[in-house]
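Subject: Structure for you to look at

Dear colleague,

I am passing on the structure we spoke about, and my notes on it follow below. Please read them with the model open beside you.

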Amino acid sequence: MYLIIFDLDDTLLKSDHSVSLFTLETLKRIQKDGHLLAFNTSRSRQASQRLFDLIKPDYGIYCGGAEIIDKNGKIIYQTAISAHVTQEITKLLFENADNVSVQTPDYFFTSDANYHNQNAIYVDFQNGLFMESYKIITKCLNIDFLLDIAKKYDLAFQNYLNGPFSRFGTNLARKHLGNVALKKIVGENYKTVVFGDDSGDLEMITQADIGVAMSNSVDIVIQNAPHITLSNDEDGIAHYLVNVLHL
């Protein structure tokens, strides 16, 4: 039996952010046959709820591996930055960065008063935010300053596309480690099949039992993935499951 794990954006989702009827019907049929479905996304649970309700996977892995939810909406795994550390870091960032956002298990807080997605709550962070957090995102060009914070608090650090935005999370909040945690939960009887497209998906693709890159993936993923399928706009996931794995 297979545990089928897929990224959302540019992997399961087409370029217009839809999921084709063929892919939906394929996933539902395979799930009915006893295989397990999970998506693994950097999005929060709140930002993914529409897709969770549409696809009805057995599990959702959110915030880049920080949280796993079962099909009933119950949290079965999480790794978070402590409330105390979150407060200290967000206070430092308030004093030294242009923008701060924090994803907690239940809410998304931001210092950008004009940002209204994800039901965002405006906070100025002058006194920091005393809540456990899955990730802290900031707009700051002083990478050395951010790296010092990551080292001081023993956190994972990621800069997005060599741009102004960066992310802090726990060292366990990584997409492939979310897959590892889920595999321990479901048991060794399931072989993992993992689909992705971006550099953040590479580890989970290469460490899966069967790792598959979409043909629209970034170059580093295409060059290192064990298997390639059609693009997200060509039902690449469904194509691989039906025509290669014969599910």
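A residue is called buried here if its relative accessible area is under 20%, exposed if that area is over 50%, and partly exposed in between. Please keep in mind that this is a predicted model. By that cut-off F195, at 0% relative accessibility, counts as buried, and Y240 is buried as well, with a relative accessible area of 6%.

These two residues also belong together as a ring pair. The structure holds six aromatic pairs, and in the one formed by F195 and Y240 the ring centres are 5.8 Å apart while the planes stand at 80°, so the pair is edge-to-face. Because F195 lies in strand β12 (residues 191-196) and Y240 in helix α9 (residues 236-244), the pair ties together parts that are 45 residues apart in sequence. Elsewhere, F39, F52 and Y62 form one aromatic cluster.

A search of the whole structure finds one cavity of 30 Å³ or more, and the volume of the largest cavity is about 50 Å³. Its lining is made up of T11, L12, K14, V19, S20, T23, M214, N232, D235, G236 and I237; the elements that give two or more residues to this lining are α1 (8-12) and α9.

The largest pocket holds about 1,200 Å³ of space. It is lined by 37 residues, and of these S42, K135, Q158, Y160 and R167 lie nearest its centre. At least two residues of the lining come from each of α1, β6 (99-103), β7 (108-110), β9, β10 (156-159), β11 (165-169) and α6 (175-186). Which element supplies the largest share of this lining? That is β10, with four residues.

One loop residue may also be worth a look on your screen. E132 lies in the loop between β8 (121-122) and β9 (135-139), and with a relative accessible area of 43% it is partly exposed. Leaving aside residues up to four places away in sequence, E132 touches A80, I81, S82, A83, T86, T104 and P105.

With best wishes

Notes: Residues numbered from 1 in each chain as written. Predicted model: local features only at pLDDT ≥ 70, side-chain atom pairs only at ≥ 80, totals over all residues. Heavy atoms only, no water. Phe/Tyr/Trp six-rings, centres within 6.5 Å; stacked < 30°, edge-to-face > 60°. Buried < 20%, exposed > 50% of the residue type's maximum accessible area, 1.4 Å probe, protein only. 1 Å grid on protein atoms, 1.4 Å probe; cavity = no way out; pocket = protein on both sides within 12 Å on 5 of 7 lines; lining within 4 Å. Points joined across faces, edges and corners; volume = space filled by probe spheres on them. Contact = heavy atoms within 4.5 Å.
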